[in-house]
Amino acid sequence: MRMKEDHMKNGQLKPAYNWQLSTNDQFILNYSIHQTTTDTVVLKEHTEDFYKLYEQYPEKCTADAGYGSEENYEYLEDKGIEAFVKFNYFHKEQKKKWRLDPSKVNNLHYSEDKDCLYCPMGQEMSFVGTKTRKTKNNYTQTYQRYQAKNCQGCPMRGSCFKGKGNRTVEISKKLTKYKQTARDKLLSDEGVEKRKQRPADVEAVFGQIKNNEKFKRFLLRGKEKVEIEIGLVSIAHNIAKLARI
Ligand code: SF4
């Protein structure tokens with residue numbers, strides 16, 4: 001992985017684990033380690049691990065944009081967990097510049113009646129087929145493809161898109177709906193509170209362990225041993241926190 005601690009300043013790769021923590025009021029409720037750099041694909045495994053420990057799923061889950069995928073939204077919905085999970089451009093879309101950018105697919109209006117998108121010039125973009133992609137967890141995501149008709153000579157060409165031919169875009173209707181639900185939740189009063197709480201909760205725990213306690217490197221080698229080491233660190237963290245209270 002590329003690490004934040006990059007003393008040579010050359011983005012060198014170092015052996016590392018992806019360490020996931022669930023916290024509540026800065027107490028560690030669950031931990032897991034993964035051999036992948038991507039947070040998106042580990043939420044399910046981490047939450048199932050939580051279930052094994054407590055025989056119940058959490059009622060609510062707050063997570064940052066690294067976890068906002070169709071697969072995760074669907075999983076959380078299936079398990080009855082209320083999701084306050086950002087998606088990748090949640091903060092950017094709050095800005096006027098983003099909302100007025102004609103190149104952003106999410107700014108194109110969709111008509112459910114006609115099953116078409118409207119391009120920035122107001123022309124219909126017709127449905128031209130579907131495409132599927134599999135995630136690392138073997139989850140199949142289906143995208144609908146829409147194509148514009150008369151891009152040749154359009155005055156918006158360049159700001160709208162730079163490719164050849166007519167503009168074609170792909171959207172996942174399912175993900176779009178999940179994002180709308182997530183957006184509504186994140187912008188609600190409770191969502192604003194959850195967004196404030198998240199860094200003060202889980203990030204503070206990482207900060208305490210890594211910076212204040214100077215635990216920056218595992219002493220043991222191998223996933224099994226490292227899991228035990230993290231377990232001990234977590235227990236120590238919780239006891240110290242309890243003692244401070
Ligand atoms: S370039 Fe094509 S898709 Fe973009 S605004 Fe013009 S006609 Fe519409």
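These are my notebook entries on a predicted model of one protein chain.

**Ground rules**

The model is predicted, so I take local features only at pLDDT of at least 70 and side-chain atom pairs only at pLDDT 80 or more, while totals for chains, interfaces and linings use all residues. I number residues from 1 along each chain as its sequence is written, and side-chain values use heavy atoms, with hydrogens and water left out.

**Entry 1: the whole chain**

I looked up the secondary structure and got six helices and nine strands. The C-alpha atoms fill a box of roughly 70 × 45 × 35 Å along the principal axes.

Next I checked burial. Of the 245 residues, 37% are buried. Buried means under 20% relative accessible area, exposed means over 50%, and partly exposed is in between (1.4 Å probe, protein chains only). The chain exposes about 15500 Å², with carbon and sulfur atoms supplying 51% of that; the areas come from the Shrake-Rupley method with a 1.4 Å probe, and for residues only the protein chains shown count as cover.

For contacts (heavy atoms within 4.5 Å), I took pairs at least 6 apart in sequence, and 49% of these join residues at least 24 apart.

I also looked at charge. There are 45 positive and 33 negative charges, and their mean positions are 9 Å apart. Lys and Arg count as positive, Asp and Glu as negative, and His and the chain ends are not counted. Each charge is placed at NZ of Lys, CZ of Arg, CG of Asp or CD of Glu.

**Entry 2: aromatic rings**

How many aromatic pairs does the whole structure hold? My search gave 13. Rings of Phe, Tyr and Trp (its six-membered ring) pair if their centres lie within 6.5 Å; planes under 30 degrees apart are stacked, over 60 edge-to-face, and the rest tilted.

Phe87 and Phe90 have ring centres 5.7 Å apart and planes at 85 degrees, so I log them as edge-to-face. Phe87 is buried at 1% relative accessible area, and Phe90 is buried at 1% too. Tyr89 and Trp98 have ring centres 5.4 Å apart and planes at 20 degrees, so that pair is stacked. Both Tyr89 and Trp98 are buried.

I also found one aromatic cluster made of Tyr17, Trp19, Phe206, Phe215 and Phe218.

Then I looked for charges over rings, which needs NZ of Lys or CZ of Arg within 6 Å of the ring centre and within 35 degrees of the ring normal. The charged end of Arg133 sits over the ring of Tyr143, 4.3 Å from its centre. Lys241 lies over the face of Phe27, 5.9 Å from the ring centre.

Is α2 mostly covered or mostly open? Mostly covered: seven of the nine residues in α2 (70–78) are buried. They are Glu70, Glu71, Asn72, Tyr73, Glu74, Tyr75 and Leu76. I traced what they pack against and got α1 (43–54), β3 (60–63), β4 (82–85), β8 (140–147) and α4 (173–187). Just after α2, Gly80 takes a positive phi of about 70 degrees.

Thr47 lies in helix α1 and is buried at 8% relative accessible area. Leaving aside neighbours within four places in sequence, Thr47 contacts Tyr57, Pro58, Tyr75 and Ile81.

- Lys9 has phi near 55 degrees, lies in the segment before β1 (18–24), and is exposed at 72%.
- Asn138 has phi near 70 degrees, lies in the loop between β7 (124–134) and β8, and is exposed at 55%.

**Entry 3: two exposed residues**

Where is Lys162? I found Lys162 in the loop between β8 and β9 (168–171), exposed at 74%. Its C-alpha is 25 Å from that of Leu175, 13 residues apart along the chain.

Thr130 is in strand β7 and exposed at 52%. Not counting residues up to four places away in sequence, Thr130 touches Thr142, Tyr143 and Gln144.

Key
Helices (H or I, at least four residues) and strands (E, at least two) are DSSP runs, numbered from the N terminus.
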